[in-house]
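Colleague: I would like to learn how to read strand pairing and chain contacts in a model of this kind. Could you take the features one at a time?

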2 protein chains.
Amino acid sequence: MLAEQPSAIQGVRIVELKQIVDERGAVLHMLRRDSDLFTSFGEIYFSQVNQGVVKAWKRHRQATQHLAAPVGRVRLVIYDDRDDSSTKGHVEEIVLGRPDHYKLVRVPPRLWYGFQGIADQPSLLANCTDLAHDPNESEAVSPADNRIPFQWQAV
Amino acid sequence: MLAEQPSAIQGVRIVELKQIVDERGAVLHMLRRDSDLFTSFGEIYFSQVNQGVVKAWKRHRQATQHLAAPVGRVRLVIYDDRDDSSTKGHVEEIVLGRPDHYKLVRVPPRLWYGFQGIADQPSLLANCTDLAHDPNESEAVSPADNRIPFQWQAV
């Protein structure tokens, strides 16, 4: 079992992922069905995010996201405005990318999240969600929405 | 439903994947549970393969692989030596990579397969398998094994 690090937000989990690196390349773990982070499989897809670009904010009503960045570097930001949460009002910023921040972040439903490419190349964020994409199950607001207390910065 | 292309090997499926590209980057589909290619979820992991590197040959007894290359370019080669196959003896070579060859390849069990990075950067091959990794369920031979009628070339 790889190291789990604490999160500032109730229900978010951050777990180090295994990288098996050699001169040929690497094998990069993400998620297995026997992981205690796994719930059910809905969809696996990728978001390529170019340097400096912000993709934010999104909130799912029901779906849980499992995020990892196998290429490049991504700033992931999560905001908790859930009335029933012990961490309501908290913002958490998590850097994802190899080799030093190759980790899996589990974002439960009802949290706002967004991300930014912070490498000098396009970055790749993989998302293994427990529900297949359904536009009726999520909502989005702009990166500058003032209901979310986080200012995205240029990189 | 996106286009499916014929395969030279019985049971292999090759399906074009959707790419939603804009100036920010792209959203790249891979596999959903409501796809008719989906069986069950075992594991999602990535193989980074550096320029020219060959990772071959592998054969699974039970697991089905679902492969796509969201970054770089990969030569995937599949060899059929199944006694009960109508395509026994066939070798199929499939190029994977964006934007023109972004597709999902489903490799059923009992086929030999291997791949090579053919971009001038490290490529990423994603694999969504229906069984989590189990070393007792697969076997490997070297890229030069003469039982497999394919010669890997330098790139």
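Colleague: How many bridges pair strand β3 of chain B with β4(B), and in which sense?

Modeller: Two strands pair if DSSP finds at least two bridges between them; strands are DSSP runs of E of at least two residues, numbered from the N terminus. Here β3 (residues 19-22) of chain B and β4(B) pair over four bridges, in the antiparallel sense. Two residues lie between these strands, which form a hairpin. Within the pairing, B:V21 is opposite B:A26. This is a predicted model, in which local features need pLDDT of at least 70, side-chain atom pairs count only at pLDDT 80 or more, and totals for chains, interfaces and linings use all residues. Residues are numbered from 1 along each chain as its sequence is written, while chains are lettered from A and ligands numbered from 1 in the order in which they are written.

Colleague: Which strand of chain A is joined to β4 of chain B?

Modeller: Strand β5 (residues 43-49) of chain A is joined to β4 (residues 25-32) of chain B by seven bridges, and the two run antiparallel. A:I44 has B:L31 as its bridge partner, and A:Y45 stands opposite B:H29.

Colleague: How many residues does each chain bring to the contact?

Modeller: Two residues are in contact if their C-beta atoms, placed from the backbone, lie within 7 Å. Chain A gives 29 residues and chain B gives 29 residues. On the side of chain A, β4(A) supplies the largest share, eight residues. That side consists of 17 nonpolar, six polar and six charged residues (nonpolar: Ala, Val, Leu, Ile, Met, Phe, Trp, Tyr, Cys and Pro; charged: Asp, Glu, Lys and Arg; polar: the others, Gly among them). The copies meet through the same surface, because 100% of the interface residues of chain A are also interface residues in chain B.

Colleague: What does B:M30 contact beyond its neighbours within four places in sequence?

Modeller: Its contacts there include A:I44, A:Y45 and A:F46 from chain A, and B:L17 and B:C128 from chain B.
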